[in-house]
Amino acid sequence: MLSSAPFECPAALLTHAQRHLPLKTAVVNAETETVMTSAKLATEHNLIEPTLVGDSAAINSIATAIHWDIKKFTVVNAGSEIKAAKLSVSLARSGEVSALMKGHIHSETLMQEALQRNQGIRLKRRPSHAFYMTVPGHEHGICITDAVINVLPRVKQKIEIARNVIELMHALGNTRPRVALLSGTEAATPEMPSSMDAIAVVKEVENGALPGAEIAGPMALDVAISEQAATIKGVNNAVAGKADVLLVPNLEAGNILFKQMVYSMSATAAGLVLGMKIPIMLTSRADPPEARLASAALASVYAAHRDL
């Protein structure tokens with residue numbers, strides 16, 4: 001069943017973000033009404049100071065249609081989404097902007113430019129993506145990682161994904177987040193590679209690989225989020241039933257999980273690329289303005305934490 005409940009940007013996240021100065025943000029391919037409305041909302045909430053990149057005629061026309069005076073903002077003309085991505089990444093690399101917001105552009109196109117070794121904005125660490133999911137009426141969120149960038153991560157990559165999301169959770173004020181290494185079982189099963197990966201990650205954690213978090217696995221989704229299920233199944237650790245982060249086995253599992261929450265629970269998916277020189281607000285092109293607003297708030301909090 002699809003949910004008909006309206007989407008909400010979590011008020012606590014918004015309040016947290018508004019303690020910081022607006023992020024100078026390139027809105028990549030800002031030439032649809034949904035993207036422009038989202039950028040307008042983020043600007044009005046003092047989350048971003050936008051540079052609008054894309055077809056300048058379309059951008060100005062839409063701005064008029066949505067009653068947004070953009071005269072004091074920079075508009076950078078770009079004739080294609082590839083050109084918009086290149087120009088936006090160049091602005092980030094030169095320090096003219098401190099964040100990127102995905103507009104009407106394929107994620108692959110934007111990330112291909114951002115990840116260029118010489119002309120991009122990558123660091124030596126491995127980048128990953130996290131969705132901070134909140135449900136209407138509930139302020140507490142849960143992270144799903146990685147549902148966008150790392151397709152089939154193994155042990156070393158999962159450690160890097162965990163490291164990135166732990167930093168994000170610290171930025172949100174959770175000093176010791178509980179990270180569940182998801183699989184389809186709580187036992188090590190060679191036929192289920194994600195369970196074996198989880199065992200290997202936990203061993204690395206025991207050797208001090210990922211400080212500042214409680215990490216456990218493998219565990220199925222029910223055990224990760226339901227204390228009742230954890231009790232019934234006899235799983236007793238610091239994460240079971242109380243997970244703050246769901247580290248999924250692969251991109252497909254994460255994609256299905258976050259979209260199920262969006263369409264069945266009206267969850268707001270604030271999406272962010274982590275582990276880059278600057279945060280990248282990366283949402284689905286079908287996401288509502290509330291998700292983009294929440295992504296801007298998340299980027300603000302994350303960027304401020306990294307500047308400390």
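Ser264 is partly exposed, with a relative accessible area of 34% (buried means under 20%, exposed over 50%, partly exposed in between, using a 1.4 Å probe and protein chains only). The model is predicted, so local features need pLDDT of at least 70 and side-chain atom pairs pLDDT 80 or more, while totals for chains, interfaces and linings use all residues. Residues are numbered from 1 along each chain as its sequence is written, and side-chain values use heavy atoms, leaving out hydrogens and water.

**Exercise 1.** Describe how helices H6 and H7 pack.

*Solution.* Take the geometry to begin with. H6 covers residues 155-171 and H7 residues 193-206; their axes are 9 Å apart and meet at an angle of about 60 degrees (axes are lines fitted to C-alpha atoms over the stretch in contact, and angles run from 0 to 180 degrees between N-to-C directions). The two helices are therefore oblique to each other (under 35 degrees is roughly parallel, over 145 roughly antiparallel, 65 to 115 roughly perpendicular, and the rest oblique).

Now list the residues. On the H6 side, Val155, Lys158 and Ile159 make the contact, and on the H7 side Ser194, Asp197, Ala200, Val201 and Glu204 (contact means heavy atoms within 4.5 Å).

**Exercise 2.** Which residue forms a salt bridge with Lys158, and are the two buried or exposed?

*Solution.* Recall the idea: side chains of opposite charge can pair when their charged atoms come close. Lys158 pairs with Asp197, the closest N and O atoms being 3.2 Å apart (a salt bridge is a side-chain nitrogen of Lys or Arg within 4 Å of a carboxyl oxygen of Asp or Glu). Lys158 lies in H6 and Asp197 in H7, so the pair ties together parts that are 39 residues apart in sequence. Both Lys158 and Asp197 are buried.

**Exercise 3.** Trace the salt bridges of Glu167.

*Solution.* Step one is Arg125: its salt bridge with Glu167 has the closest N and O atoms 3.2 Å apart. Glu167 is in H6, whereas Arg125 is in the loop between helix H5 (107-114) and strand E5 (128-134), 42 residues apart.

Step two is Arg306, whose side chain meets Glu167 in a salt bridge at 4.0 Å, N to O. Because Arg306 lies in helix H11 (residues 289-306) and Glu167 in H6, this pair ties together parts that are 139 residues apart in sequence.

Step three is accessibility. Glu167 counts as buried at 19%, Arg125 as partly exposed at 24%, and Arg306 as partly exposed at 24%. Put together, Arg125, Glu167 and Arg306 are linked in a network of salt bridges. The structure holds 12 salt bridges.

**Exercise 4.** Which residues does His16 touch, not counting those up to four places away in sequence?

*Solution.* Locate His16 in helix H1, residues 11-17. His16 is buried, with a relative accessible area of 17%. With that exclusion, His16 touches Ala171, Leu172 and Val301.

Note on methods. Helix = DSSP H or I, 4+ residues; strand = E, 2+ residues; numbered from the N terminus.
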